[in-house]
There are 2 protein chains.
Amino acid sequence: MDALGANSTGYVPLYQQIKRLITESLVSGEWAPGEPIPSEFELASRYSVSQGTVRKAISELASQKVLVRHQGKGTFVASHSQESTNFPFLRIAPDDSVVQSVEATLIDLWRIKLDEISAAKLLVSPGASGWLIRRLLSVEGKETLYEEIRLPGDSFETVEEQLVLDHNCMLYSMYESEFGIRILNVEESLKAVTADGEITKRLKLPESTPLLRVDRIAFTYGDKPVELRRGFCNTSNHHYRNRIV
Amino acid sequence: MDALGANSTGYVPLYQQIKRLITESLVSGEWAPGEPIPSEFELASRYSVSQGTVRKAISELASQKVLVRHQGKGTFVASHSQESTNFPFLRIAPDDSVVQSVEATLIDLWRIKLDEISAAKLLVSPGASGWLIRRLLSVEGKETLYEEIRLPGDSFETVEEQLVLDHNCMLYSMYESEFGIRILNVEESLKAVTADGEITKRLKLPESTPLLRVDRIAFTYGDKPVELRRGFCNTSNHHYRNRIV
DNA sequence: GTTCTTATATCTTATATAAGAATTATTGAC
DNA sequence: GTCAATAATTCTTATATAAGATATAAGAAC
């Protein structure tokens, strides 16, 4: 099975082809985040297949959270701005309660040249221009996470401080509405480290406190990396939670 | 929607009822891990529904990795002993390569009384008897992870060192074949800490090296917790990887 | 006249069934 | 041993019906 769902004999099921066509319409922006896509019957006649076949294609996209379905209402393009939680990929939670409030404050924003490693991870040429955003996250009112975010200049042409503030530091929602870039999933890599002065100062911690370092690559359609992130988390009263099935 | 799939009017779709019946047969041990379950058509006639309805029930269980399907062969009860990777829930990987080999060595095994916190997490009464297993994991030949595993005595009656060794320290495979307990999923909680003498000695590290502490609760059918685990991981050359969708 | 309820028509997705295709393993002929 | 036929399995596709949501219109209450 390759990425298109074909087997060794080249046979591709109909519903896989439909899935591909739907994805293309999503990438092209024909159907925008938050908007409904045509009904199953409309799509069935458009692609000349049965409703059940369209349905199977949509089902798989819905299980990937690319689409969201509501019985009786329709199928919608998933959007960060309409999610229940504002930071859907944030795994930091307080030890003794459930996470209620997360607040983000912008530290600063710079135009930068991407270093070699960052450029490689973003699949752009080394030295290409980009952006560096630094911010601080407070969970339940306590400064917990210091983050550095790197964006490639080719996908993000101009990023202004005011723009970030307008979106309340909810970056993925901003990427979506301002740049048409929807983050679908992220890969994280975690390590335990001791922090240097700058970071401990930001988090108001004594030097050499052990911190959780979280490196993230965020992907949009077609597994294209479009954001790099490094966070340092104070885990004295918080933890990183994960469920594996 | 409650856990059984019923809505507010009490209506439960047929395929949800079938899913329930199949799960009951799995819990009761009618179909053992690694074994095939009856074919879709056999189950359809047994439950007096169509093959498609059985199929939908099986599909959901397969997506939860409770069952595994092979076209042309049949549907099988998922088993840890037949998985491609021997440590399916292990998220530790070397920084500069893909994980090739993981080896576990048993340190020791004790009968203990479960402390209050552990007992609460395992939903047994405080002071109930249980087991403590200590072991060391090496990734690519390098000692990386020190683990303490706590088991409740009511689910695990007698655990012998030899039994653990016989299974090459692959505990989830042992739980399955020796105690009939299949681990379906785990919840992990991560923190950055500095290690004490015992642990740094085991991992051959200087004192006060920052370590990744991984607390795990493992669940079997019906979200019943049956194992507690605390691991300390040297993340100098390794990391904890995670993908979030 | 305005507002609220209620019924109805119509749209949506969800469920159930059936028939045939694709895949795998087995059997038998050669 | 090799190859083709066969049987058993899951997979794909199509069709029909059910359940849920929404807009509209008619009627009742105020």
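Which strands of chain A does helix α6 (residues 171-179) of chain A lie across? The answer is β5 (129-139), β6 (142-152), β7, β8 and β9 (224-233) of chain A, and the helix runs at about 160 degrees to β9(A). "Helix" and "strand" here are DSSP runs numbered from the N terminus, H or I of at least four residues for helices and E of at least two for strands. Axes are lines fitted to C-alpha atoms, for helices over the stretch in contact, with angles from 0 to 180 degrees between N-to-C directions.

Keep in mind that this is a predicted model, where local features need pLDDT of at least 70 and side-chain atom pairs count only at pLDDT 80 or more, while totals for chains, interfaces and linings use all residues. Residues are numbered from 1 along each chain as its sequence is written, chains are lettered from A in the order in which they are written, and side-chain values use heavy atoms, leaving out hydrogens and water.

**The sheet**

Eight strands make up an open, antiparallel sheet, in the order β4(A)-β5(A)-β6(A)-β9(A)-β8(A)-β7(A)-β10(B)-β3(B). β4 (102-113) of chain A and β3 (92-94) of chain B are at the edges with a single partner strand each, so one side of each has no neighbour in the sheet. From one strand to the next, the twist averages 25 degrees. Strands count as paired if DSSP finds at least two bridges between them.

| Strands | Bridges | Residues standing opposite |
|---|---|---|
| β7 (185-194) and β8 (210-220) of chain A | 10 | V193(A) and L211(A) |
| β1 (67-70) and β2 (74-77) of chain A | four | R69(A) and T75(A) |

β1(A) and β2(A) form a hairpin with three residues between them, and G72(A) in the turn has a positive phi of about 85 degrees.

**The two domains**

Chain A splits into domain 1 (14-78) and domain 2 (82-240), with bounds from an automatic or database domain assignment. Their centres, taken over C-alpha atoms, are 31 Å apart. Eight residues of domain 1 of chain A touch five of domain 2 of chain A, contact being heavy atoms within 4.5 Å.

Between them, these domains of chain A bury about 560 Å², 63% of it on carbon and sulfur atoms. That area is the accessible area (1.4 Å probe) that two parts lose on being put together, summed over both. On the domain 1 side, P33(A), V66(A) and A78(A) lose the most area, together 50% of what that side buries. The count of salt bridges between the two domains of chain A is zero, a salt bridge being a side-chain nitrogen of Lys or Arg within 4 Å of a carboxyl oxygen of Asp or Glu.
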